[in-house]
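This report goes through selected local features of one protein chain. It takes salt bridges, backbone angles, a surface patch and a pocket in turn.

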Amino acid sequence: MTDDRPLIARLNWYWLFQLAGWMFLPVLLIAMTPGDSHTPRMLGISMWGVVTGLVISDTWHRLLKRQIQNGVRVSWKAMMAAILVLGTIHTAVQTVGYLVIKPFGEVHGVAWVPGALMFWWGVYLVWNTFYMAVQSLRRANRLEQEALRLEISAKDAELRALQAQVNPHFFFNSMNSVRALVYEDRDSAALMIDQLASVMRYALQSGQHDTVPLAAEIEAVQAYLAIEKIRFEERMRVSVEIDLGLEQVRIPPMALQTLVENAVKYGVEASPTGSEIRIRAQRMDDGRIHIEIANLGAILPFANSTKVGLVNTRKRLALALGSNASLDLTENSGWVRATMTLPEAA
C-alpha cells in the first residue's frame, strides 16, 4: 500500500533531530581545537561520542516513551535524576573511549572529571528539555484534534436531530393531503402519492448529507408543490426564478421545503382566495446569494409552528454553512418574505 502523505509527514523527525544534534557535538569539538589536532584519533573519539550518545539517548527515549504510553507522569525530580544518571554514564563511557583511542595521548589525573560531568549533564539537560517540549506540543495537538473531532461529531448529531424534526412534520402534512383527496378524486390521489414517493426518496437520500445542491432541493420542492396544487387547484399559484449559475449552491436538505410549506399553510390554506407563492434565488452585488420564498398574507402572531420551523432552519443553516448564513422573515406591502442569505462560498 502506497503512502499518500506529503514527504514532510513521512520523514522520521526523531532520528533526523537525533543525528543532527549528536553530529553537532564533534563539529563543535573540532571547531574548538587547533588545526594540528585534527587527527584520525580525534575523529575516532568524536564518532565514539556520537555513537555513545545515540545509544544512550535512544535507550532513554524508549523508556520515556513506554512510561508516557502507560500514562505514567514523569515528574521534574525524576527527570533531573535521570539527567544526572545519563550524564554520568556518558562520562564513564567516554572515558573508556579516551583510554582506548587516546586522541591526546595517555590520560593523566582526574582533574578533568568535574568538567566532563558538567558538560554531559548539560548535554542531556538540553536533550531532555527539547524532547519534553516536543512531547508537550504533540500532546497539545492531539488534544486539539480530539476536541475538533468531538465538536464535529456534536455538530453532526445536532444537524441530524434537526433534520429528523423536519421530515416527519412534512410527511404528516402530506399524508393528510392525500387522505383528504382520496375519496374525492382517485386519479389525483394516485398522482399525489407518486409525487410524495418522489419527495420521500429525495428526503431519504439527502438526509445522509449536510448540504445538497439548490437544483436538487428545487426539484423536491416542485414535487411537493405539485402535491399541494392538486389539493388547492386554482387557489395556489407558483412562480420559480433561479438565476443562472446558482444550481450548485449548497443548502441544508429540506430547508427550502420547510419555508415553502409555511408559505402554503399560512398563505394559500389560510386565505379563502388562495395565494401566489414566489420562489427566487439570485446572486447579490456583494457576492452573497439570496433565496426568497414569498406569499401573499401577513405574519400571524401566534403561528407557533412557523416559529419552530424558522428556528430549526436557522440552526441548520448555521451548523451547515456557518454564522455568515442567515434567515429573515419580513412582511411588506401584503407579502410575507422568508429570505435565506448564504455566503458567497456556499
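## Salt bridges and surface features

R278 has a relative accessible area of 37%, so it is partly exposed. The structure is a predicted model. The side chain of R278 forms a salt bridge with that of E276, with an N to O distance of 3.2 Å. E276 is partly exposed as well, at 22% relative accessibility.

The count of salt bridges in the model is five. Three of them are set out here, among them the R278 pair.

| R62 | D58 | 2.9 Å |

R337 counts as partly exposed at 22% relative accessibility, and E292 counts as partly exposed at 26%.

The pair of R62 and D58 is a local one: both residues lie in helix α3, four residues apart, which is about one turn of the helix. Their closest N and O atoms are 2.9 Å apart.

**Positive phi angles**

Two residues other than glycine have a positive phi. For E233 the angle is about 50°, and for M254 it is near 70°. E233 is placed in the loop between α7 (214-232) and β2 (236-242), and M254 in the loop between β3 (250-251) and α8 (255-269). E233 counts as exposed, at 52% relative accessibility, whereas M254 counts as buried, at 3%.

**A buried histidine**

H90 is found in helix α4 (residues 76-101). Its relative accessibility is 0%, so H90 counts as buried. The C-alpha atom of H90 is 9.7 Å from that of S57, and the two residues are 33 apart along the chain.

**Nonpolar patch**

W13, L16, F17, F130 and V134 make a nonpolar surface patch of about 470 Å². Two elements, α2 (13-32) and α5 (113-182), each give two or more residues to this patch. Helix α2 gives the most, with three residues. L16 lies in α2, and its relative accessible area of 41% makes it partly exposed.

**Largest pocket**

The largest pocket holds about 860 Å³ of space. Its lining has 22 residues, and those nearest its centre are Y14, F17, F130, Y131 and V134. F17, F130 and V134 are also among the residues of the nonpolar patch.

Which element supplies the largest share of the lining of the largest pocket? Helix α5 does, with 10 residues. Each of α2, α3 (40-69) and α5 supplies at least two residues of the lining. By residue type, the lining consists of 12 nonpolar, seven polar and three charged residues.

Conventions
Residues are numbered from 1 along each chain as its sequence is written. This is a predicted model: local features need pLDDT of at least 70, side-chain atom pairs count only at pLDDT 80 or more; totals for chains, interfaces and linings use all residues. Side-chain values use heavy atoms; hydrogens and water are left out. Patches are made of residues with over 30% relative accessible area and no salt bridge: like charges are joined within 9 Å, nonpolar side chains (Val, Leu, Ile, Met, Phe, Trp, Tyr) within 5 Å. Accessible areas come from the Shrake-Rupley method with a 1.4 Å probe; for residues, only the protein chains shown count as cover. A salt bridge is a side-chain nitrogen of Lys or Arg within 4 Å of a carboxyl oxygen of Asp or Glu. Buried means under 20% relative accessible area, exposed over 50%, partly exposed in between (1.4 Å probe, protein chains only). On a 1 Å grid over the protein atoms alone, a cavity is a set of points where a 1.4 Å probe fits but cannot get out, and a pocket is an open set with protein on both sides within 12 Å along at least five of seven lines; lining residues have an atom within 4 Å of a point. Grid points are joined across faces, edges and corners, and a volume is the space filled by probe spheres set on the points. Ala, Val, Leu, Ile, Met, Phe, Trp, Tyr, Cys and Pro count as nonpolar, Asp, Glu, Lys and Arg as charged, and the others, Gly among them, as polar.
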